[in-house]
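I set down here what I looked up in this structure, entry by entry. Terms are defined where they are used.

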Amino acid sequence: MEGERRASPERSSGLPAGGADGESPGGGGPLLRSRGSSALLQVDVLDLDEDEDDLEVFSKDASLMDMNSFSPMMPTSPLSMINQVKFEDEPDLKDLFITVDEPESHVTTIETFITYRIITKTSRGEFDSSDFEVRRRYQDFLWLKGKLEEAHPTLIIPPLPEKFIVRGMVERFNDDFIETRRKALQKFLNRIADHPTLTFNEDFKIFLTAQAWELSSHKKQGPGLLSKMGQTVRAVALSMRGVKSRPQQFMEMNDFIEMFSQKINLIDKISQRIYKEERDYFDEMKEYGPIHILWSASEEDLADTLSGVASCIDSCCKATEKRMSGLSEALLPVVHEYVLYSEILMGVMKRRDQIQAELDSKVEALTYKKADADLLTEEIGKLEDKVECANNALKADWERWKQNMQNDIKSAFADMAEANVHYYEQCLATWESFLMSQTDLHSEETSEDKP
């Protein structure tokens, strides 16, 4: 848990401090706590309008509204990761800035791949310099994610974009795909940089600063293939065994994850469908402008009117294109990121259960005296501490993740709604102006016809 111990006071980025008066993540109101029980503060999450039919995918279900139902009183054990992090009321000062840009294609006799330039600027003392520039490929990001999960099994590691394509919208190495991936990789790194624990992980620092040959050398360190295979076999065995009695708060957490996964996947499908229908509408509308221009050439009496219609259609096309750009760049990536987050959360719960299952197996062995009692007692003590640290880390990160999730999705939908209102106002004003001009023209012609 090296990363947990190194978290500095300056980075109070939303983890709830232990105690009854701790602030909620992200600077929200104080958590309303009851002794020995979970927090009772209810917050609406992804609560869409109940009047819609298939778009109303998030209901006012209590299990989703009770956003802080997994925020227990933090224990004071010195082994707890939470109590090794000091929090202050001062605002968080960002001291690590990461940019991912300049994708570059590499073609070898074996493979074709893309590397990205990563620029890091920092004022942290543990870095040898304040500026770093390295190039990394997608496999390097996968390695970093794996190392973070290995070092912090019950922290919520940000998701990486899919390896090849996103929703089948673009082909591999297509310019749009590369740009989409670049943005997702930059968000991945910045979410790690903003995390109060992951940001101090040593592998993360090496990823940002080491040259290609240094990173390759560092990757070769650590457990060998046989050791990794043994860990995998043991993890599978513990997963098959399961846990006898998962604590109630983690049962509720698991239920939330399952429901959240269903809802966010449905929202993702609906958003993709809306985007596709919007594109089909845009492609069809683009054809009407030139049609009206050609029509005006053959209708002398209606030439001005038809040209005006063509101009209005052209203005609406530009507004539609701008709205589609906002949808594809603002809403769709946010929703899809949380689809990936739902898979990450399931993995975190699985790893937490594996740690508890290991403890349960030792307790069972001690009960039936299947091994040396003194040795088992010592192992059980260590595993109890490990389970406590894992549980506390997950509970704190859970609160932080929920607050970020609520803010991100709320902001994405609010921005999209504002963009839609502006779009319809703009199109309405365009057609109203045209109709007003036609009304004035008709009035002038009528007055001229009168004797």
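Predicted model: local features only at pLDDT ≥ 70, side-chain atom pairs only at ≥ 80, totals over all residues.

I take buried to mean under 20% relative accessible area, exposed over 50%, and partly exposed in between, with a 1.4 Å probe and protein chains only. Residues are numbered from 1 along each chain as its sequence is written, and side-chain values use heavy atoms, with hydrogens and water left out.

**Entry 1: C316**

I looked up C316 and found it buried, with a relative accessible area of 6%. C316 belongs to helix 9, residues 303–367. Helices here are DSSP runs of H or I with at least four residues, strands are runs of E with at least two, and both are numbered from the N terminus. I count a contact when heavy atoms lie within 4.5 Å. Leaving out residues up to four places away in sequence, C316 touches M285, Y423, C427 and W431. From C316 to C427 I noted 5.6 Å between C-alpha atoms, across 111 residues of sequence.

**Entry 2: Overall layout**

I recorded ten helices and three strands, in the order α-α-β-β-β-α-α-α-α-α-α-α-α. Of the 451 residues, 42% are buried. Among contacts with a separation of 6 or more, 73% join residues 24 or more positions apart.

**Entry 3: Helix 3 and helix 4**

Two packed helices are described by the angle between their axes and the distance between the axes. Helix 3 (138–151) and helix 4 (175–194) pack at about 30°, with axes 12 Å apart. On helix 3 the contact is made by Y138, F141, L144, K145 and L148, and on helix 4 by R181, L185, F188, L189 and I192.

**Entry 4: Cores**

I define a nonpolar core as a set of buried Ala, Val, Leu, Ile, Met, Phe, Trp, Tyr and Cys residues joined through side-chain atoms within 4.5 Å. The largest core has 32 residues, and those touching the most other members are I98, I118, F141, L144, L189, F204 and F207. Strand 1 (96–107), strand 2 (112–122), strand 3 (131–137), helix 3, helix 4 and helix 5 (202–209) each supply at least two of its residues. Helix 4 gives the most, with seven. Beyond its neighbours within four places in sequence, I98 has contacts that include I118, L189, F204 and L208. A second, separate core of 28 residues includes F250, I257, V335 and W401.

Is helix 5 enclosed or open? Six of its eight residues are buried, so helix 5 is largely enclosed by the rest of the structure. The buried residues are D203, F204, I206, F207, L208 and T209. Their cover includes strand 1, strand 2, strand 3, helix 3, helix 4 and helix 6 (212–219). In the loop between helix 4 and helix 5 I located T199, which is buried at 3% relative accessible area.

**Entry 5: E102**

Most residues other than glycine have a negative phi. I noted that E102 has a positive phi, near 45°. E102 is in strand 1 and counts as partly exposed at 45% relative accessibility.

Note on methods
Axes fitted to C-alpha atoms, helices over the stretch in contact; angles between N-to-C directions.
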